[in-house]
Amino acid sequence: MRDPEGIARTLREANSVCICSHVSPDGDTIGSALAMRLVLINMGKRVRVFCQDKVPDSLCFLPGADEIRHPEENTERYDLFLSVDVSDEARLGSCAALRSCCERTAQIDHHWTNPGFAGVNSVDGNASATCTMIREQMKYLDAPLTREIAECLYAGISTDTGNFSFDCTDPEAFRVMGDLLEAGLPLADLSMRLFREKSKEQLKLLGRAIEKMSFEADGRIAVMMLNRQDFEDCGALSEHADTVVNYGLETIGTQMAVLARESDDNRIKFSLRARAPLTVDDVAARLGGGGHNRAAGISMEGTLKATTRVVVRAMKERLQKEDKARKK
Ligand code: 5GP
Ligand code: MN
């Protein structure tokens, strides 16, 4: 349930706020955190933003990105702990420990699966992005929308709506975009940065993944795997694989796609995608992951091949379930 009033009251009462983003940060969690940072600084508060993992290069241009700290660097206490776009406590990673340095906790998020783990919770599974909720939140705080804040919010809304193409893209997303453009958002420049330009390493890695792509279930599931050697050969980082899975789903005839990558923490990170009416959040949840209907993720221990077999089997079962439901 959205609770912009409760959050506004809690924020007004706090003089210092510790804002946290989720692990493997994306445009929505970073955009939300950096927008709230500017809003709260403008309100005269002491603010720090934390994230367990490095901000992807593609988001480093956002105002305040260079101010984001690793939780272990913290030496201060805060009145309030605020997590943004964090679906559950596990997604806080090592930021979870910062709660013991804060008097109260609150969160703003848009994941269905969020159990409401904070003291004050504003959670709406219907919101297209946490950043659209932040825009609404600003109205309850009488906070002016500056061009810098607009840039942060755009990063989140455009990321989570698949650049305004996913099912979740709703009138609210466009209404907020209207506000952002009025505030001076340089749309063409930012959309080039966020959705079109790619580093050479990223393109090399994409080529590798596509070359190795295989198909299961009569071509209905696209499977891509990237091992540590692939990353090394291409000089690429894990974040450079973040959108690779989409190419699997964009292949004609596929209904589901998965990218498995060996990540730096010695675990295998899975990105799952589906075309409507299929879903993958249920598949991910069965294996200890989570996410949205058509974009979900899992992190598993084991070898690349063995864990991928487990995930692909679960995806095939999901397909069979859908086929059965259609026949009825
Ligand atoms: P991506 O494949 O882009 O990394 O993640 C897609 C979505 O799945 C994200 O929005 C995130 O909410 C969710 N997600 C990704 N990895 C995990 C994970 O390991 N655990 C959970 N619970 N959710 C994840
Ligand atoms: Mn989000």
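Helices H3 and H5 cross with a left-handed sense in this predicted model. Their axes come within 10 Å and cross at roughly 60 degrees, and that makes H3 oblique to H5.

**Where H3 meets H5**
- H3 covers residues 130-140, while H5 covers residues 171-182.
- From H3, the residues in contact are Thr-132, Arg-135 and Lys-139.
- On the H5 side, they meet Glu-172, Ala-173, Val-176 and Asp-179.
- Sorted by class, this contact has 4 charged residues, 2 nonpolar and 1 polar.

**Around ligand 1**
- Ligand 1 is surrounded by 15 residues, and the closest are Lys-269, Ser-271, Arg-273, Gly-290 and Gly-297.
- The side chain of Ser-271 has an N or O atom 2.7 Å from an oxygen atom of the ligand.
- Arg-273 places a polar side-chain atom 2.9 Å from an oxygen atom of ligand 1.
- For His-111, the distance from a side-chain N or O atom to an oxygen atom of ligand 1 is 3.3 Å.

**Backbone spots to look at**
- Most peptide bonds are trans, and most residues other than glycine have a negative phi.
- Going from Ala-276 to Pro-277, the peptide bond is cis, with omega near 0 degrees.
- Pro-277 sits in the loop between strand S9 (268-274) and helix H10 (281-286).
- Phe-164, a residue other than glycine, has a positive phi, near 65 degrees.
- You can find Phe-164 in the loop that runs between helix H4 (147-160) and H5.

Notes: Residues numbered from 1 in each chain as written. Chains lettered and ligands numbered in written order. Predicted model: local features only at pLDDT ≥ 70, side-chain atom pairs only at ≥ 80, totals over all residues. Heavy atoms only, no water. Axes fitted to C-alpha atoms, helices over the stretch in contact; angles between N-to-C directions. Helix = DSSP H or I, 4+ residues; strand = E, 2+ residues; numbered from the N terminus. Parallel < 35°, antiparallel > 145°, perpendicular 65-115°, else oblique. Left-handed = near helix turned anticlockwise from the far one by under 90°. Contact = heavy atoms within 4.5 Å. Nonpolar A, V, L, I, M, F, W, Y, C, P; charged D, E, K, R; others polar. Near = heavy atom within 4 Å. Polar contact = N/O pair within 3.5 Å; in protein donor to acceptor, adjacent residues only side chain to side chain.
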